[in-house]
Each structure stands twice: as C-alpha cells, then as structure tokens.
Amino acid sequence: MTNNGKQRLYEEVDVLHQKMIDINDFIHDHPELGNQEYQASALLTRTLAENGFQVESGIIGLDTAFTATYKNGQGGPVIGLLCEYDALEGLGHGCGHNLQAASITGAAIALSRHLGDYPVTLQVFGTPAEETTSAKLPMAQEGLFDHLDVALMMHGGDRTTVDGKSLALNLVDFVFDGKAAHAAVAPDQGISALDAVLMTFNGIEYLREHVRTDVRIHGVITDGGKAANVVPDRAVAQFYIRAADRTYLNAVVERVYNVARGAALATGAQLTINELKVLDNKINVPSLNAIMLDNAEQAGAQNITPPRQNTGSTDFSTVTYRVPGACLRVSFVPFGTSSHTKEWVEAGTSESGHAALSVAAKAVAGACYDLLADPQLFVQLKEEFRQAKAESTQPGSAAKIS
Ligand SMILES: [Zn+2]
Ligand SMILES: [Zn+2]
C-alpha cells in the first residue's frame, strides 16, 4: 500500500460521510439505554450487511450485541473494530456513543473497499451497555476477542488523544445486616448495620496511608438506615477500588474486604460482599498509541495532546488486557467540557460532531492501513504487549505510562 492508497481511502471516507452523518443523527435522536439499543444495532448491522459484512446478531445471548465480519482473501491478521451505542438515562447521548457507532461503521466499510490483495479479516463488534452492565466483559469472558491481532475503537472527547493507561477496578457493595431495636428503649438488643458501615469507612481511611499512590478508593453510603430512633438493621456502602494494575489491585481489594469483615466482626452484623463490576487495567502498547495519534493528525484532528495519564477505568481495558488495543479520543467539544453533560448531547449532531465522524473514520481506517502496509508492525505490537503485560502482572510493579 502506498501513500497514494491512503489518499484514496480518505476519499472513500468522504464518500461515506453523509451516510455516517445519517447513522450518527438517527442514533443520537433515538437514544436507547444499555441492552435496549434495538434500533441502533438494527441500523448498524443492516448497513454493514448491505456492504458485504457477515452479520451475527444477538451473540452470547445479548439481543443488541453483534459481530460483522469481512474476510478478504485467506488468512492474514484479524482487526477488531469496536463500537458502543448506548445512551444515558435522563440525558440521551451525553457520552458521544452515537459518534463511535457511526464512525467505526464508516471506517470498516471504507477499509473493506480498499484492501486489494491483502489477506485480512475485519471484524466489527457491537458492544452494548457500556454505561451500565458492560457487555465487553461477558464478551471477553467468552473469548470473543482472543483471536484479534489488534482491537481499536474511538470515543468522542474534549481533546484528541489516547490513553496511556487506565485503572483496574472492582466496584463492590458491602451489605451489612444487623438487628433492629428501639434506639432509646432497647439499644442493647440491637445490632447496628450502620455502625459497621461507618467502621468500614474509618478502616479504609487508615488503610489508605499504606497503599501505593496510584490506588483510588472512594465510596458512598447507599443505605444508612431509615429512622434515627431505630437501630438500623440494614446498611449498604458502595465502593470503587482502583489501581494501575490488576495484580496489585487484587491484593488491595482483599485488604479492603478484610476491613469490612473486621467491621462485621466488631459489630456482630452479617456482611455480604457483592462484586458489581470487575475491570482490568489497560496493557499499554505505546507504538499503537503513536500510530493512532499520528493518523489522527494526518486526518486533520483538532486539539491533539499527548497520551492521557490521569484516567479512570473503562470496560475496553478488559479487551486491551487480552490483546493489543487502543482507543482514539477525538475532539468535538470545547477543551474542558465534561462528558455526561447536555453540552455533549448538543454537540453530537453539530458541525463539530459531524467533522469528528470524518476525522475518526479516517484515523481508524488509516491506522489499519499503516498496519497492513507493514505486517512487521503486528509482530512489534504483540511483543510490546507481551512485555507490558508481563511487567503489569509482576507483583509490586506499577503499569507503565506512555
Ligand atoms: Zn460515559
Ligand atoms: Zn462513553
């Protein structure tokens, strides 16, 4: 493939721009919550099928999850392109998932038309419910991503960048069951579940001093009892526990659980620990990040900044914990504008949103183009991934940022 070829790929994206806008605006104007994205997944699978992709809908028992596969020749690498299309309750598309559904579909179709003799399989993954139940997690558990040579996605942003890391996460509920009693007449007969919650908070504050600085532990009381004159027989605290790598986080999580267990022992309350979500950290592959950012620049992206170092957690990390992957964030709102806001909703169908579709599709398709032009790159990415994962899973070593 030549630079001339990349220019033709861009022209193909330009041809598809109006189609991407139509998909984007439809999904934006018909916001659907996680696992209910019936209209969005129907539109995306129909579009991909019309363009020669082999569609499988409702995979692993999830109605709105799908794969769409395009095989060019025999063998060759398998490129995964992931997209989300769920909206936020009460807000609509405040996370810009309309952009990724449309631009990833556009990138996949444009690329499929410019593969020439290169043996390669393109596989688009429709991954529902990013904001709630995170379909990527069961999809990863089922091994759906394990055969990929690379996994790419995009996300809207207030700047154009990639993630240098993301934090592993355990989201848990600590449910304490005590014994109700009149708080003035018979407190001696009560067991306060709220006391156990408060002791858990206090214990975690002591623990905080003796963990690595990348650890984040933050919680709220979601049930603290109902009446101040009754000893609370039930109380619940929800905690996010995060760290730069899964191995270290597992050790921290066990210590946090021991704090809660200690609080249960001290108060006599019964403790139930409900793990609501478990996400791995991203295994960072700097060369792949560089290819994505370089292609964003070539595609005319605005507000490009170096890889993000201050990040939270994403379910895409559970994919990039298994295979080399990168998510390109593409600027479409003013710098500093937070996601999950009405500003993001409004920008979704604006001129800047529509321009971001084109930039993202060109950048993602362009990155694939560069990888296919130099198959040695796949070998390099795999080796970088292998080394970074070995470092990340070594006890006591924090995941590297770059
Ligand atoms: Zn979001
Ligand atoms: Zn999002």
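In sequence, the residues that donate to the zinc ion (ligand 2) are spaced C-x1-H-x57-H, and the model in which they are found is a predicted one. Cysteine 95 bridges this zinc ion (ligand 2) and the zinc ion (ligand 1), the two ions lying 3.3 Å apart. Elsewhere in the model, helix α7 (residues 286–298) and helix α10 (residues 351–373) cross with their axes coming within 8 Å.

**Zinc ion (ligand 2)**

- The protein donors to the zinc ion (ligand 2) are the SG atom of Cys95 together with the NE2 atoms of His97 and His155, and they lie 2.1 to 2.3 Å from the ion.
- Histidine 97 has a relative accessible area of 0%, and because buried means under 20%, this residue counts as buried.

**Zinc ion (ligand 1)**

- The zinc ion (ligand 1) is coordinated by Cys95 through SG, by Glu131 through OE and by His340 through NE2, at 2.0 to 2.3 Å.
- Along the chain, the donors of the zinc ion (ligand 1) follow the spacing C-x35-E-x208-H.
- Cysteine 95 is in the loop between β3 (78–83) and α3 (97–112), while glutamate 131 is in the loop between β4 (120–126) and α4 (136–141), so the pair ties together parts of the chain that are 36 residues apart in sequence.
- Cysteine 95, the residue that bridges the zinc ion (ligand 1) and the zinc ion (ligand 2), is buried, with a relative accessible area of 8%.

**Crossing of helices α7 and α10**

- The axes of α7 and α10 cross at roughly 130°, which makes α7 oblique to α10, since an angle must be over 145 degrees to count as roughly antiparallel and must fall within 65 to 115 degrees to count as roughly perpendicular.
- The crossing of α7 and α10 is right-handed.
- From α7, the residues Ile291, Met292, Asn295, Ala296 and Gln298 take part in the contact, and they meet Val359, Ala363, Val364, Gly366, Ala367, Asp370 and Leu371 of α10.
- Sorted by class, the contact of α7 with α10 has 8 nonpolar, 3 polar and 1 charged residues.

Methods:
Residues numbered from 1 in each chain as written. Chains lettered and ligands numbered in written order. Predicted model: local features only at pLDDT ≥ 70, side-chain atom pairs only at ≥ 80, totals over all residues. Heavy atoms only, no water. Axes fitted to C-alpha atoms, helices over the stretch in contact; angles between N-to-C directions. Helix = DSSP H or I, 4+ residues; strand = E, 2+ residues; numbered from the N terminus. Parallel < 35°, antiparallel > 145°, perpendicular 65-115°, else oblique. Left-handed = near helix turned anticlockwise from the far one by under 90°. Contact = heavy atoms within 4.5 Å. Nonpolar A, V, L, I, M, F, W, Y, C, P; charged D, E, K, R; others polar. Donors = N, O, S within 2.8 Å, 3.2 Å for Na, K, Ca; no water. Buried < 20%, exposed > 50% of the residue type's maximum accessible area, 1.4 Å probe, protein only.
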